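Here is a short report on one protein chain. Look at the sequence and the structure first, then read on.

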Amino acid sequence: MLNNGNSIHDLLELSDAFNEHFSNIGSRLASEIHVNENCPLYVDYLNRTCDCRFTLKTTSVSTVFSLLSKLSKTKATSLDKISARLLRDCADLIISPLCAIFNQSITSGVLPDEWKLSKVIPLFKQGERSDLNNYCPILIIPVVAKVFERITYDQLYSYLTESNLISSCQSGFRSLHSTTTALLEATDNWAYNIDQGNVNAVVFLGLQKAFDTVDHDILLSKLKFYGADGISLTWFKSYLDCQKQRCFVNGSLSSYRPITCGVPQGMILGPLLFLIYINDLPNCLLNSQPRLYADDMHLTFADHTVSNIDSKLNEDLSRVNYWLTANKLTLNTLKTEFMLIGPRQRLSTFDSSPSLEIDGAPTSQVAFTKSLGVYIDQNLSWNVHIHNLCKEIAAGIGVPKRSRAFVPIDTL
C-alpha cells in the first residue's frame, strides 16, 4: 500500500494511514474549493418557505422490543463488542432501561459519546489496490446505536414525506422508489421527447466523496430550515459532534480519529441526512430537468438545435457549479460526461456537437454510459447493455461447463 508515495507494510501503520485518509477527506476537499465573491450562499437556494415543525418524540417499550426482536443475529459487532445476538436474546430483560436511555437522550438533546465510536472497514472499489483513494469507508456502529437511529430515522422520514419536503426529483433511499423506478422515469421522459421531434442532451454528473464531505454546519442549518425545532436540532448537533472512528485492517485497529464532516455510510440516519443536504439542488436550475438517486444525478435538456442545447445546458452547468461551491461539495470531473440521445436519423442531422463545460473543464461526449447499473446508449437500443449482460452470463455458465468432467451432474 502506498501513502504519499511511501510504501506501508506494517498493519498498524496501514490501519492508521487508512484512518487518517478517511477522516481528512472532507476537510481536504473543502479546502481546495475556490469560493468566488460573487458566488451565491447556500441559503440563497433554500427558497421554499417551510411552515411545518419537527420534534423528536419519545419512544415506547413496545417499539424498542419490536426493533430488538428483528435484529439480525449475524449483524457485525462494533467496538463495544455488544453483539446483536445478545441484544435480541435478552430483549425482554433490557427493553425498559434501554427505552429510558433513548428517551433521556431525546428529551435532553444529547447522544451518549459511547454510541458515536465507530469501527471502519476499508472496502475496495476499483483501480489500483495500492491507492488509498480506491477504497471507501464502511462504518460499523454499536448495535444499540443503530436501534436508536432507526427510531429517530422513522420519525424524521415520516415527517419529511408527510410534509412533502423531499424533492420529487430524488429517488434514492425513499420508500416506493428504487433504481428501477428512477430509470423507468428517465427513459420514459427521453422517449417522449424523441416522439416530439427533439434530441435529449443528458449530462451525467458524479460527485467526489459526497457522503464524506457534507458540512455539518450547513446540514444543521438546512435541518432548521426544514422545521427541526430547538431541542431536536440540539440532538442532531450532538449526533454529528464528537464522532470518532478506528480503522480495522486485517485484525489491526488504528488509533481514534475525530470526524469533523460528512455523514459516513453504514449509519441509519446518514443517507436521510444526505438527502436533506442536497434536497435544494434542483432549485439552482432554470432549463434542464434533474433526476437524482442519492449522489448520482443527471440533467436532461431536450431540443432540436445544437445552439439551444449548448447555451441552455452550459447555463445550468454553471449554476450547478455555483451550488456545489456554496455547499462545499466537489464534482468528480472524471465521472462527468454527456450524451445525445435520439434516433440515428435525427442525430445524423446534427452537423456539430454541443461544447459543454463546467467550472472551465470541458465535458466529454460518450456514445453510451452506465447509470444505476444499466448501460444506456445514444439510441436507447439497449444493445450495449444486452451485450455486457451476455458476457456476464457466459462467464458464469463457463464455470460449470469447464468443470463438468470433474463434478457430479447433480452438483452442476
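## About the model

This is a predicted model, in which local features need pLDDT of at least 70, side-chain atom pairs count only at pLDDT 80 or more, and totals for chains, interfaces and linings use all residues. Residues are numbered from 1 along each chain as its sequence is written, and side-chain values use heavy atoms, with hydrogens and water left out.

Helices (H or I, at least four residues) and strands (E, at least two) are DSSP runs, numbered from the N terminus.

## Two crossing helices

Two packed helices are described by the angle between their axes and the distance between the axes. Axes here are lines fitted to C-alpha atoms, for helices over the stretch in contact, and angles run from 0 to 180 degrees between N-to-C directions.

Take helix α7 (residues 216-225) and helix α9 (residues 269-278). Their axes come within 9 Å and cross at roughly 80°. That makes α7 roughly perpendicular to α9. Angles of 65 to 115 degrees count as roughly perpendicular, under 35 as roughly parallel, over 145 as roughly antiparallel, and the rest as oblique.

Which residues make the contact? From α7 come Ile218, Leu219, Lys222 and Leu223. From α9 come Leu273, Ile276 and Tyr277. Contact means heavy atoms within 4.5 Å. By class, this contact has 6 nonpolar, no polar and 1 charged residues. Ala, Val, Leu, Ile, Met, Phe, Trp, Tyr, Cys and Pro count as nonpolar; Asp, Glu, Lys and Arg as charged; the others, Gly among them, as polar.

## An enclosed helix

Stay with α9. How many of its residues are buried? The count is 10 of the 10, so α9 is largely enclosed by the rest of the structure. Buried means under 20% relative accessible area, exposed means over 50%, and partly exposed lies in between (1.4 Å probe, protein chains only).

The buried residues of α9 include Gly270, Pro271 and Phe274. What covers the buried residues of α9 includes α5, α7, α8, β9 (289-293) and α10.

## Rings and charges

Rings of Phe, Tyr and Trp (its six-membered ring) pair if their centres lie within 6.5 Å; planes under 30 degrees apart count as stacked, over 60 as edge-to-face and the rest as tilted. By this rule the count comes to 16 aromatic pairs. One of them joins Trp115 and Phe148. Their ring centres are 6.0 Å apart and their planes are at 70°, so the pair is edge-to-face. The pair links distant parts of the chain, 33 residues apart. Trp115 is in the loop between α4 (91-108) and β3 (117-124), and Phe148 is in helix α5 (residues 143-162). Both Trp115 and Phe148 are buried.

Ring pairs also build a cluster. It links Phe54, Phe102, Trp115, Phe148, Tyr159, Trp235, Phe236 and Tyr239.

The rule asks for NZ of Lys or CZ of Arg within 6 Å of the ring centre and within 35 degrees of the ring normal. Arg129 lies over the face of Phe124, 4.0 Å from the ring centre. The charged end of Arg150 sits over the ring of Tyr153, 5.0 Å from its centre.

## Buried valines

Val249 lies in strand β6. At 8% relative accessibility, Val249 counts as buried. Val249 and Leu14 are 235 residues apart along the chain, and their C-alpha atoms are separated by 7.4 Å. Leaving aside neighbours within four places in sequence, Val249 is in contact with Leu11, Leu14, Ser15, Phe18 and Pro122. Phe18 is found in helix α1 (residues 11-31). At 3% relative accessibility, Phe18 counts as buried.

Val320 is in helix α10 (residues 306-326). Its relative accessibility is 1%, so Val320 counts as buried. Outside four places in sequence, the contacts of Val320 are Leu205, Cys284, Leu285, Leu299 and Ile358.

## Two positive phi angles

Phi of Cys242 is near 60°, a positive value in a residue other than glycine. Cys242 lies in the loop between α8 (230-240) and β6 (243-249). Is Cys242 buried or exposed? Cys242 is exposed, with a relative accessible area of 53%.

Trp382 is not a glycine either, and has a positive phi of about 70°. Trp382 is found in the loop between β16 (374-377) and α12 (383-402). At 31% relative accessibility, Trp382 counts as partly exposed.
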